[in-house]
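Trainee: I am new to this one. Please show it to me, and then let us go through it in short questions.

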Amino acid sequence: MTNLQFVISEEITVAVEREMTLYIKASRAKCAILLSKNGHLISQSGYVADFSLQSISALIGGIFSSTQALARLVKEEKFKVMFQEGSKWNVYFCLVGEHFILATIFDKSTVVGMIRHAAAETEKALAPHLEKTLSDEGDNTPLAEEETPGTPSFQARESQGIELPDLNQEVEDALSKLFS
């Protein structure tokens, strides 16, 4: 589980929104969302009625985490791209940098090849902006280290009795809201 902290300035927000808007136009997707790997929605472009983007973000974060576990089982460092095809809607998502996910919701009016190409270009454009959110005045020092069992910050929080967020519970809650 990652509990990485990041700060998004107004300058970065404007740059991210500009790249997301260009992505929607280039890909002809209905909606694109940028989220952290732990499932927190950061930005969206486009719109799809009747979809809860907060729930979708939380679920994609959970799917991404399980997919990375699968990658390790098959001796891959990580999987960067995932595609889900439905009868009406498709979801494509890719890793941006090391800590963010670009997810795209699209229908049959566009093709996955166009999405894949535009997403790769957008990934390259977004990554430098998003890397700035993790550093302090451009020195590439993370504001907070990833907290995993074994890291000093994780052990310190655990010894203080501070409860870390339960990603599985967040995903279960999002699923319950989605199907209730």
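Trainee: Is Leu73 buried or exposed?

Mentor: Buried means under 20% relative accessible area, exposed over 50%, and partly exposed in between, with a 1.4 Å probe and protein chains only. Leu73 has a relative accessible area of 69%, so it counts as exposed.

Trainee: What kind of model is this?

Mentor: This is a predicted model: local features need pLDDT of at least 70, side-chain atom pairs count only at pLDDT 80 or more, and totals for chains, interfaces and linings use all residues. Residues are numbered from 1 along each chain as its sequence is written, and side-chain values use heavy atoms, with hydrogens and water left out.

Trainee: Where is the place of Leu73?

Mentor: Helices (H or I, at least four residues) and strands (E, at least two) are DSSP runs, numbered from the N terminus. Leu73 belongs to helix H2.

Trainee: What span should helix H2 have, and how far apart are its end C-alpha atoms?

Mentor: The expected span is 1.5 Å times one less than the number of residues. H2 has 21 residues, 53-73, so it should span 30 Å. The end C-alpha atoms agree, being 30 Å apart.

Trainee: Which residue with a positive phi follows H2?

Mentor: Its phi is near 65 degrees. The residue is Lys75.

Trainee: Which residues make the nonpolar surface patch of about 310 Å²?

Mentor: Patch residues have over 30% relative accessible area and no salt bridge; like charges are joined within 9 Å, nonpolar side chains (Val, Leu, Ile, Met, Phe, Trp, Tyr) within 5 Å. Areas come from the Shrake-Rupley method with a 1.4 Å probe. The patch is made by Leu70, Leu73 and Val74.

Trainee: How many salt bridges are there?

Mentor: A salt bridge is a side-chain nitrogen of Lys or Arg within 4 Å of a carboxyl oxygen of Asp or Glu. By this rule the count is six.

Trainee: Which residue forms a salt bridge with Lys30?

Mentor: The closest N and O atoms are 3.8 Å apart. Lys30 lies in the loop between helix H1 (10-27) and strand E1 (31-36), and its partner in the loop between strand E5 (100-106) and helix H3 (112-132), so the pair ties together parts 77 residues apart in sequence.

Trainee: What N to O distance joins Lys78 and Glu98?

Mentor: Lys78 is in the loop between H2 and strand E3 (81-85), and Glu98 in the loop between strand E4 (90-96) and E5. Their side chains meet in a salt bridge at 2.7 Å.
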